[in-house]
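Please read it alongside the sequence and the model.

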Amino acid sequence: MSEAAGERLVKTERHGRAGLARLNRPEALNALSDALMAELGAALLAFDADPEIGAIIITGSERAFAAGADIREMKDRAYPDTFLNDFIGARWETILRVRKPVIAAVAGFALGGGCELAMMCDIVLAADTARFGQPEINLGIIPGAGGTQRLVRAVGKAKAMEMVLSGRMLSAEEAERANLVARVVPAAELIAEAIKLAERIGGLSPVAVAMAKQAVNSAFETTLRAGILHERQLFLSLFGTGDQREGMAAFLEKRSPRFRQS
Ligand code: CAA
């Protein structure tokens, strides 16, 4: 629950087969407190378990997707308690357990942990107002939720190094050129575009979508050979599904497929 009693830190909405989780700490530019991350994790797992939902969107406000981990909350933290209490750790990585596609719809600031949260999503859609950065160095720390690793894989070493060492922010346009985001859209259309994308993915074969996500993630997490073998196993296993038969029959019969969605 939020500081303002009764307000949730993460509000959820459903739009057809799209589940939307909206970060709701406007007074702190959606700083990612422990409580907010716990609520977000619970919301994501609930959508993941819901057969009516096919894809998930995380968004913030017009001003901020999220301005990073909560500096007020972490300023007095000390080692080794940070280690023993698994600061960042499991609470932040709940999103990695989600098997359905997760889309980050980013407007305004996505800084520090906010940029890292976006990078943990499967697709990043950016409003033209979005700004991405890893400004932790200004606080005397470094990114702690995968920023130094995922950023390098997304944008390459040169730009990642500049961002992490100097804290410089990228505009939406520069982030798109650097392959940090899939697409930039006008701010006024961000949520509608994200919902359209989530609904489109949510209408496809759930098993093929989940396996496609796993296969692409293998490219990040394994060697090329291991990734190709994993892809092949997943590809072959899809020939054991009704959705493969339905998808191919529908194509040949020139009709829309009716995939099993629950
Ligand atoms: N944590 C806690 N509170 C934050 C916050 C954060 N990360 N970011 C912003 N806020 C709060 C501000 O303290 C301020 O609160 P008050 O009104 O109570 O003073 C409110 O949000 C509005 O912020 P500003 O007045 O600073 O707004 P601005 O428009 O002048 O600046 C900003 C916006 C450039 C995003 C600036 O707020 C900023 O630099 N924020 C911090 C960004 C940052 O350093 N993020 C990294 C955090 S560390 C991290 O994330 C570690 C990790 O890897 C997991």
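## Crossing of α6 and α7

Helices α6 and α7 cross in a right-handed sense; a crossing is right-handed if the near helix is turned clockwise from the far one by less than a right angle, and left-handed if anticlockwise. Helix α6 covers residues 147-155 and helix α7 residues 157-166; they pack at an angle of about 140°, with axes 7 Å apart. Because of that angle, α6 is oblique to α7 (under 35 degrees is roughly parallel, over 145 roughly antiparallel, 65 to 115 roughly perpendicular, the rest oblique). Axes are lines fitted to C-alpha atoms, for helices over the stretch in contact, with angles from 0 to 180 degrees between N-to-C directions.

On the α6 side the contact (heavy atoms within 4.5 Å) involves Thr148, Leu151, Val152 and Val155, and on the α7 side Lys157, Lys159, Ala160, Met163 and Val164. Six of these residues are nonpolar, one is polar and two are charged.

The model is predicted: local features need pLDDT of at least 70 and side-chain atom pairs pLDDT 80 or more, whereas totals for chains, interfaces and linings use all residues. Residues are numbered from 1 along each chain as its sequence is written, and side-chain values use heavy atoms, without hydrogens and water.

## Crossing of α5 and α6

Helix α5 (residues 113-120) and α6 have axes that come within 10 Å and cross at roughly 55°. The pair is therefore oblique, and its crossing is left-handed. Glu116, Met119 and Met120 of α5 meet Gly147, Arg150 and Leu151 of α6. This contact divides into three nonpolar, one polar and two charged residues.

## Nonpolar cores

The largest nonpolar core holds 48 residues, and those with the most contacts inside it are Leu23, Leu40, Ile58, Phe65, Val106, Phe132 and Leu180. Its largest share, six residues, is supplied by helix α1 (residues 34-49). Another core, of 17 residues, lies apart from it and includes Ile57, Ala105, Ala127 and Ala198. Such a core is a set of buried Ala, Val, Leu, Ile, Met, Phe, Trp, Tyr and Cys residues joined through side-chain atoms within 4.5 Å.

## Phe109

Phe109 lies in strand β6 (residues 109-111). Its relative accessible area is 23%, so Phe109 is partly exposed (buried is under 20%, exposed over 50%, partly exposed in between, with a 1.4 Å probe and protein chains only).

Not counting residues up to four places away in sequence, Phe109 touches Leu29, Arg63, Ala64, Phe65, Ala66, Arg131 and Met169. Its C-alpha atom is separated by 17 Å from that of Ala145, 36 residues apart along the chain.

Note on methods. Helix = DSSP H or I, 4+ residues; strand = E, 2+ residues; numbered from the N terminus. Nonpolar A, V, L, I, M, F, W, Y, C, P; charged D, E, K, R; others polar.
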